[in-house]
Amino acid sequence: IVSSNPCSEFLHHNDTACNLASLNLLKFRTTDGFDYKLFRHCVRLLIVAQEIICNFAGYPTPEIAENSQRFRPLGLGYCNLGALLMRSGIGYDSDEGREYAAAITSVMGATAYLTSAELAALVGPFEGFAENREAMLDVVLAHAEKAEPWVGWREAYDLGCVHGFRHSQVTLLGPTGQ
């Protein structure tokens, strides 16, 4: 039987782990908006922490342990999007709400991939990077071409071209009722 990970929030290689962490978006709310500087700092911190977890986590089977080491998939996400929008006076099902969520999600992804590329510069890319290089770089470039320059996708792409990425994936919004 071929299936997804236990929560089905993403499809990856068979026998891989779900290494998740979440940031509480309410902690980044300020009186005049959202603290992107602190948010980026926390994204970087959690990607490094999750990288360490890949090395020390216990996995239920040898196959999952092996693939988790080989592909190093991470799943940094967030929680309390709805509460953040409500406290900010933004409608959850509104264009403004979707744009706000898209900006936060894009910054999280760009910062996470940039951090992954920085880690790859220090300790090398994930073992399966070479066979996935062009596909991964194409995805990051597609984000870079669509995102505002301040978000950081171009920096992630440029560094990824040089050093690769330490992780086969870095972000994931789990089905937790964001």
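## Arg98

Arg98 sits in helix 4, which runs from residue 95 to 123. Helices here are DSSP runs of H or I with at least four residues, strands are runs of E with at least two, and both are numbered from the N terminus. The model is predicted, with local features needing pLDDT of at least 70 and side-chain atom pairs pLDDT 80 or more, while totals for chains, interfaces and linings use all residues. Residues are numbered from 1 along each chain as its sequence is written, and side-chain values use heavy atoms, leaving out hydrogens and water.

Arg98 has a relative accessible area of 43% and is partly exposed; under 20% counts as buried, over 50% as exposed, and partly exposed lies in between (1.4 Å probe, protein chains only). From Arg98 to Leu23 is 75 residues in sequence and 18 Å in space, C-alpha to C-alpha.

## The nonpolar core

A nonpolar core is a set of buried Ala, Val, Leu, Ile, Met, Phe, Trp, Tyr and Cys residues joined through side-chain atoms within 4.5 Å. The largest one has 42 residues, and Phe34, Phe39 and Ile104 touch the most other members. Among the elements giving two or more residues to this core are strand 1 (20-24), helix 1 (36-56) and strand 4 (75-79). Helix 4 gives the most, with 10 residues.

Leaving aside residues up to four places away in sequence, Phe39 touches Leu23, Leu25, Phe28, Phe34, Ile104, Val107 and Met108. Contact means heavy atoms within 4.5 Å.

Helix 2 covers residues 62-71, and its buried residues include Ile64, Asn67, Ser68 and Phe71. These four are on the same side of helix 2 because they cover an arc of only 105° around the axis, taken from the directions from the helix axis to the C-beta atoms. An α-helix has 3.6 residues a turn, so residues three or four places apart point the same way.

Pro62 and Glu66 are exposed on the other side of helix 2. Helix 5 is included in what covers the buried residues of helix 2. Arg72 follows helix 2 and has a positive phi, near 50°.

## The largest pocket

The lining of the largest pocket has 29 residues, with Tyr113, Val139, His143, Trp153 and Thr171 nearest its centre. On a 1 Å grid over the protein atoms alone, a pocket is an open set of points where a 1.4 Å probe fits, with protein on both sides within 12 Å along at least five of seven lines; lining residues have an atom within 4 Å of a point.

Helix 4 and helix 5 (129-146) each supply at least two residues of this lining.
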